[in-house]
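I opened my notebook beside the structure today. Here is what I looked up, entry by entry.

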Amino acid sequence: MKRIISLTVLNQTGVLNRITGLFSKRHFNIESITVGHSETEGISRMTLVVNVQEEKEVEQITKQLNKQIDVIKVVDITSQSIVSRELALVKVVSTPATRMEIQGLIQPFRATVIDVSRDSVVVQVTGEPEKIEVLIDLLKPYGIKEIARTGTTAFTRGTQRVSKEVPISIV
């Protein structure tokens, strides 16, 4: 089963290597990993997508990550309400005759052409990994030259405060 794990870590040399080494030592494959600065200076956010067979493996990973000195917080956000996105750049074979056809094909996916050359176009698309897979499948008949994907980045949705109306009695 696919799990999405969110980490906040100190932004220091070697942290990424120690985290990925932990997974490697335990024979867990990281499907995707994204890392970037967070809203706090000196702190980075990591999003890892891993495939595990059993729930206890996720618990083991979480416990091992929490033992790392540079790790501030570890959360398996898979079953929570989350916002997640992936970015893909797809270089597609394109002639002047097929450019409009490709443009019409990518429009429902809210994808955009960000580069045009004589024999290709580069399409940029963001969204859920499944959406990106569908678009790639639709572009395959034109001929895909290259694909670059970021992997999933995610965090939990903000909580919405429910206000309770207090009845006012007039005396």
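I started with Lys 145 and Asp 119, whose side chains meet in a salt bridge (2.9 Å, N to O). For a salt bridge I required a side-chain nitrogen of Lys or Arg within 4 Å of a carboxyl oxygen of Asp or Glu. The pair links distant parts of the chain, with Lys 145 in strand β8 and Asp 119 in the loop between β6 and β7, 26 residues apart. I took helices (H or I, at least four residues) and strands (E, at least two) as DSSP runs, numbered from the N terminus. Lys 145 is partly exposed at 41% relative accessibility, and Asp 119 is partly exposed at 40%. My cut-offs were under 20% relative accessible area for buried, over 50% for exposed and partly exposed in between (1.4 Å probe, protein chains only).

A note on the source: this is a predicted model, where local features need pLDDT of at least 70, side-chain atom pairs count only at pLDDT 80 or more, and totals for chains, interfaces and linings use all residues. Residues are numbered from 1 along each chain as its sequence is written, and side-chain values use heavy atoms, with hydrogens and water left out.

Next, how many salt bridges are there in the whole structure? My search found twelve. One of them joins Glu 146 and Lys 91, with the closest N and O atoms 3.1 Å apart. Glu 146 lies in strand β8 (residues 144-149) and Lys 91 in strand β5, so this pair ties together parts 55 residues apart in sequence. Both are partly exposed, Glu 146 at 46% and Lys 91 at 26%. I also noted a network of salt bridges linking Arg 3, Glu 55 and Asp 76.

Then I turned to Glu 128. Its side chain meets that of Arg 85 in a salt bridge (3.4 Å, N to O). Arg 85 is in strand β5 and Glu 128 in the loop between β7 (120-127) and α4 (129-139), 43 residues apart. The side chain of Glu 128 also makes a polar contact with the side chain of Ser 84 (3.3 Å). A polar contact here is a pair of N or O atoms within 3.5 Å; within protein, one must be able to donate a hydrogen and the other to accept it, and residues adjacent in sequence count only if both atoms are side-chain atoms.

Is Ser 84 buried or exposed? I found Ser 84 buried, with a relative accessible area of 6%. Leaving aside neighbours within four places in sequence, Ser 84 is in contact (heavy atoms within 4.5 Å) with Glu 128, Thr 152, Thr 153 and Ala 154.

On to helix α1. Its buried residues are Val 15, Ile 19, Leu 22 and Phe 23. They cover an arc of only 95 degrees around the axis, which puts them on the same side of α1; the arc is that of the directions from the helix axis to the C-beta atoms. On the other side, Asn 17, Ser 24 and Lys 25 are exposed. The cover over the buried residues of α1 includes β1 (2-10), β2, β3, α2 (55-67) and β4 (71-76).

Just after α1, His 27 takes a positive phi of about 60 degrees, although His 27 is not a glycine. His 27 counts as exposed, at 73% relative accessibility.
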